[in-house]
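Open the model in your viewer and keep the selection tool at hand.

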Amino acid sequence: MLIIKNLHASIRDEKQKTKKILCGIDLHVKSGEVHAIMGPNGSGKSTLANILAGQKEYEVTQGEAWLDGKNLMDLEPESRAAAGLFLAFQYPVEIPGVNNMYFLKAAVNSVRKHRQLPPLDAMDFLTLIKNKMKEMEMDEKFLSRAVNEGFSGGEKKCNEILQMLMLEPKLAILDETDSGLDIDALQRVAKGVNSLRDFKRSIVVVTHYQRLLNYIVPDVVHVMMKGKIIKSGGKELALELEEKGYGWLGSTE
Amino acid sequence: MTNQYLKQIVNKNYQYGFVTAIESDTFAPGLSEEVIHHISKLKNEPEFMLQWRLRAYQYWLTLSPPRWAHVNFPNIDYQNIIYYSAPRVKKDGPASLEEVDPKLLETYKKLGIPLHEQGRLAGVAVDAVFDSVSVATTFKAKLAEAGVIFCSFSEAVQEYPALVEKYLGTVVPYRDNFFAALNSAVFSDGSFVYIPKGVRCPMELSTYFRINAANTGQFERTLIIADADSHVSYLEGCTAPMRDENQLHAAVVELVALENAEIKYSTVQNWYPGDEEGRGGIYNFVTKRGACRGKHAKISWTQIETGSAITWKYPSVILQGDDSIGEFYSVALTNHHQQADTGTKMIHIGKNTRSTIISKGISAGFGQNTYRGLVRVLPQALYARNYTQCESLLLSATCGAHTFPYIEVKNPTSQIEHEAYTSKIGADQLFYCRQRGLSIEDAISMIVNGFCKRVFNELPMEFAVEAQKLLEVSLEGSVG
């Protein structure tokens, strides 16, 4: 599904100074697998997620990333989305005046068009989204509000997961979706993600905390530090990190 | 990649830029008392009209062009403008659509303006002004049944001189400003509306202005009178051919709302904006003002300004009647080298008068967009209220947004609120939309439409969709 080889990336700051953020990432996520990427602040986890989605602020200096045999770096962000990549943003942006339902319908039909599927008409779309919202225990009022405008932190994250359920990606990347969630919202988000889990899809969960992984149980856990994956293991690695912190790993470097 | 797309769109033609080859009666360029006598005579005007025009002209001669707006353009040579051009007709004017020159009907068809009464916009009555004259007015019979007068200004002068004399120049006197004086002296046609007491106008009224002839100025005048307890919704649209020379459009619109009357005036302005280098385009220097003369009167201006090389206008409301209401909703877009200096004036005179100003400016390319607004509360306007919200969206690094609010409050019981902000279209918003599978152009149009939604909601439904499309065409791919 997702293959990343020796990926290096940097960013230019305001003084045009180059700062390296990713220093050779290798990652292989197979169909049906859930991977968790953990690590301290500034280790490059979110950068990796954003680069995979096509954020142009970062410059990829070396390496490659493939999704289902497609070279991601050749594709515009919207083509990556069409190819089945979905990023649940850490900070979903507000789009004032744009109706949530209108936005989602445009997104779903745009992606369907790329996948050579006929567009959903208003009735089919409404039926579908109402079902998904029920799954997520979301209020239907969401649909008539502007995209993320005036949403609470938890509402924004639930909205991301709702979008994910509607777009049915092959690869979903969740960027700190658990941050700022209370326990009820966390469970709802996890339920949504788990409902998408099947042998055809892969999920990459970027998180600081083990907590989310109690609900979305990963097959593989990676630890990222200073732009590199320094350790990988099973789900028990997350528990170990919870207990010991990241310090013991850093010192072995 | 964005730039490539931008270029592609820039080279797209202004779709209303064609010229109609039609025989016209056209004056030689230049302005003099003789020209004014000539216009007045052609229109068979009563003496009071001629005298009024001449007074306006004499006054205009004493003025020099104003320079205070935040716009740049070379001096206009007023002796080089043609002040009258009309499609040639065999007799006094067409009595029915059958007599209108088929070329003209074809022109309006191409513009998407139905002059046949069974059209796409079958619920809208249209007065079509072509260069200096009105060529057709639809649905007159149906409107007459309700007692509504909707006709060209020339016809109103012939048929209802008393109404014209009573109201002409009472809201925008010829002494108001340079362009109002010029318009008063030479205006050749326009629309006239009178809604009698207690009548709710049964359909939308609309005037469509088309400039066709070269080197010609269009000077039209619209007068709308809503008598007590009446209601009318009126829409104005405009286009012009593509030419390398600038052309002047100096119109005056006067609205009078008596007790409990309501006038809703909407504009979708799409004059030729000039090319991507800033060559050509219309100078749109317009004076629009409404007076709420009676208690509980309401005047609401909604404008979508996407065309013209330079737009310079401030649709305003004089709130004389107690409890009267003034509203101004505006979207002004400047792309390439377009300049807009627009806004409103709300003059509070009556007690408990209320006004709302919602202004949205969008700048792209090298466009310069200025909001200029005055809220004046006189001492006797106790408990007046105003709410102003003024927002600008920047789509390129080379465009500009400017805000000049003037607020004068002369009593302690009034309440004024002013909110303003400027934002650049967010790279993160665009990325968010694209990550969800939307193309750049869909994402921009969605974000911009969201930004304008509050104003679009004020447009009559038939036109809200058109306005949205117009904005898309004017903007596509303009993020640099």
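Start with the charged pairs: over all chains there are 24 salt bridges. Keep in mind that this is a predicted model.

**Stop 1: chain A.** Select Lys130(A) and Glu140(A). They form a salt bridge, with the closest N and O atoms 3.7 Å apart. Lys130(A) sits in helix α4 (residues 122–135), while Glu140(A) is in the loop between α4 and β8 (146–147) of chain A. The two are 10 residues apart.

Lys191(A) belongs to helix α6 (residues 183–196) of chain A, and Glu137(A) to the loop between α4 and β8. Here 54 residues separate the partners.

**Stop 2: inside chain B.** Select Asp176(B) and Arg289(B). Their salt bridge brings N and O atoms to 2.8 Å. Asp176(B) lies in the loop between α7 (161–167) and α8 (178–186), and Arg289(B) in strand β13 (residues 281–292), so the pair ties together parts of chain B that are 113 residues apart in sequence. Asp176(B) is partly exposed, with a relative accessible area of 29%. Arg289(B) has 9%, and counts as buried because the cut-off is under 20%.

**Stop 3: where the chains meet.** Show both chains. Chain B and chain A bury about 2000 Å² between them, 63% of it on carbon and sulfur atoms. On the chain B side, select Phe431(B), Tyr432(B) and Arg436(B): these lose the most area to chain A, together 37% of what that side buries. The contact takes 18 residues from chain B and 32 residues from chain A.

How many salt bridges are there between the two chains? The count is 3. For one of them, select Glu160(A) and Arg436(B), whose closest N and O atoms are 2.5 Å apart. On chain B, α9 (427–435) and α10 each give two or more residues to this side. The most come from α9(B), with 7 residues.

**Stop 4: helix α10 of chain B.** Select residues 440–456 of chain B. Of the 17 residues of α10(B), 13 are buried, so the helix is largely enclosed by the rest of the structure. Finish on Gly450(B), where a kink of about 40 degrees is centred.

Notes. Residues are numbered from 1 along each chain as its sequence is written. Chains are lettered from A and ligands numbered from 1 in the order in which they are written. This is a predicted model: local features need pLDDT of at least 70, side-chain atom pairs count only at pLDDT 80 or more; totals for chains, interfaces and linings use all residues. Side-chain values use heavy atoms; hydrogens and water are left out. Helices (H or I, at least four residues) and strands (E, at least two) are DSSP runs, numbered from the N terminus. The expected span of a helix is 1.5 Å times one less than its number of residues. The bend at a residue is the angle between axes fitted to the seven residues ending there and the seven starting there. Buried means under 20% relative accessible area, exposed over 50%, partly exposed in between (1.4 Å probe, protein chains only). Contact means heavy atoms within 4.5 Å. Buried area is the accessible area (1.4 Å probe) that two parts lose on being put together, summed over both. A salt bridge is a side-chain nitrogen of Lys or Arg within 4 Å of a carboxyl oxygen of Asp or Glu.
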